[in-house]
Amino acid sequence: MRFDQWQNGWCQAAEKCVSPNHGARPAQAQIDLIVVHSISLPPGEYGTQAVQQLFTNQLDWDAHPYFQSIRGLEVSAHFFIERQGKVWQFVSCDDRAWHAGASHYRGRGNCNDDSIGIELEGLEGETFEAAQYDSLTQLCQALKQQYPIAYLAGHEHIAPGRKKDPGPGFDWALLQKNVAWPPQYFPEF
């Protein structure tokens with residue numbers, strides 16, 4: 001998959017699925033952070049299309065008992081990478097997706113303002129597929145060509161104590177090797 005063609009913050013290689021859950025970035029925002037998350041709905045189940053439904057406010061809250069615990073949630077990420085590596089995009093990278101919540105990193109708060117959120121289909125603490133690392137690597141490299149990316153962190157790093165994803169099953173060393181960026185781009189692992 002080639003991630004080198006972009007238009008108005010949209011990666012042309014990704015499957016487009018527009019989320020209403022986004023807003024404008026502040027005028028002073030520097031899009032310099034990529035935040036890696038993990039999600040599966042219901043937790044531990046893959047390929048259900050429930051993540052896409054959640055990010056587009058179309059999830060049937062009564063379809064699974066777990067959904068009652070997240071009922072009414074309005075969230076999004078810029079990207080979602082399925083287990084087999086397929087990439088979905090929900091929000092233009094030029095806009096502010098609602099993925100980070102209360103957060104702080106590299107001396108700045110409210111990480112939604114200047115970050116790009118990438119959700120990996122998976123369960124926090126569990127491992128991820130080689131195809132997901134391949135897509136994530138290519139996507140990160142393409143984002144660095146489009147934006148002044150200087151940091152890459154997990155949700156657990158920008159909201160410690162509140163979030164634990166992607167968790168200990170995520171191979172930060174592999175991602176660092178694959179993207180070939182210097183250590184200062186990454187949290188300590």
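Which residue in S11 does Val35 stand opposite? In this predicted model, the residue facing Val35 is Gly117 of S11.

S5 and S11 run parallel to each other and are joined over seven bridges. Both belong to an open sheet of six strands, arranged in the order S3-S7-S6-S11-S5-S12, with mixed pairing. At the edges stand strand S3 (15–16) and strand S12 (151–154); each has a single partner strand, so one side of each is left without a neighbour in the sheet. Strands of a sheet pair through backbone hydrogen bonds, in either the parallel or the antiparallel sense. Across S5, S6, strand S7 (87–89), S11 and S12 lies H2, which runs at about 170° to S11.

Aromatic side chains deserve a look of their own. The structure holds eight aromatic pairs. In one of them, the rings of Tyr133 and Phe170 have centres 5.4 Å apart and planes at 35°, so this pair is tilted. Tyr133 belongs to helix H2 whereas Phe170 sits in the loop between H3 and H4, so the pair ties together parts that are 37 residues apart in sequence. Tyr133 and Phe170 are both buried. Another tilted pair is made by Trp181 and Tyr185, with 5.3 Å from centre to centre and 45° between the planes. Trp181 and Tyr185 are likewise both buried. One aromatic cluster brings together Phe128, Tyr133, Phe170 and Trp172.

Rings also meet charged side chains. Lys16 is placed over the face of Trp10, 4.4 Å from the ring centre. Over the ring of Tyr46 sits the charged end of Arg83, at 4.4 Å from the centre of that ring.

Most peptide bonds are trans, and most residues other than glycine have a negative phi. Against this background, Leu41 and Pro42 are joined by a cis peptide bond, with omega about -20°. Pro42 is located in the loop between S5 and helix H1 (50–55). That loop also contains Gln49, which has a positive phi of about 70° although it is not a glycine. With a relative accessible area of 34%, Gln49 is partly exposed. A cis peptide bond also links Asp165 to Pro166, where omega is about 5°. Pro166 lies in the loop between helix H3 (155–158) and H4. Ala180, in the segment after H4, has a positive phi of about 60° although it is not a glycine. Its relative accessibility is 62%, and Ala180 therefore counts as exposed, the cut-off being over 50%.

Finally, His155 links several of these regions. His155 is placed in helix H3 and is buried, with a relative accessible area of 5%. Leaving aside neighbours within four places in sequence, the contacts of His155 include Val35, Val36 and His37. Others among its contacts are His99, Ala100, Arg162 and Lys163, together with Asp165 and Pro166, the two residues joined by a cis peptide bond.

Key
Residues are numbered from 1 along each chain as its sequence is written. This is a predicted model: local features need pLDDT of at least 70, side-chain atom pairs count only at pLDDT 80 or more; totals for chains, interfaces and linings use all residues. Side-chain values use heavy atoms; hydrogens and water are left out. Helices (H or I, at least four residues) and strands (E, at least two) are DSSP runs, numbered from the N terminus. Buried means under 20% relative accessible area, exposed over 50%, partly exposed in between (1.4 Å probe, protein chains only). Two strands pair if DSSP finds at least two bridges between them. Contact means heavy atoms within 4.5 Å. Axes are lines fitted to C-alpha atoms, for helices over the stretch in contact, and angles run from 0 to 180 degrees between N-to-C directions. Rings of Phe, Tyr and Trp (its six-membered ring) pair if their centres lie within 6.5 Å; planes under 30 degrees apart count as stacked, over 60 as edge-to-face and the rest as tilted. A charge sits over a ring if NZ of Lys or CZ of Arg is within 6 Å of the ring centre and within 35 degrees of the ring normal.
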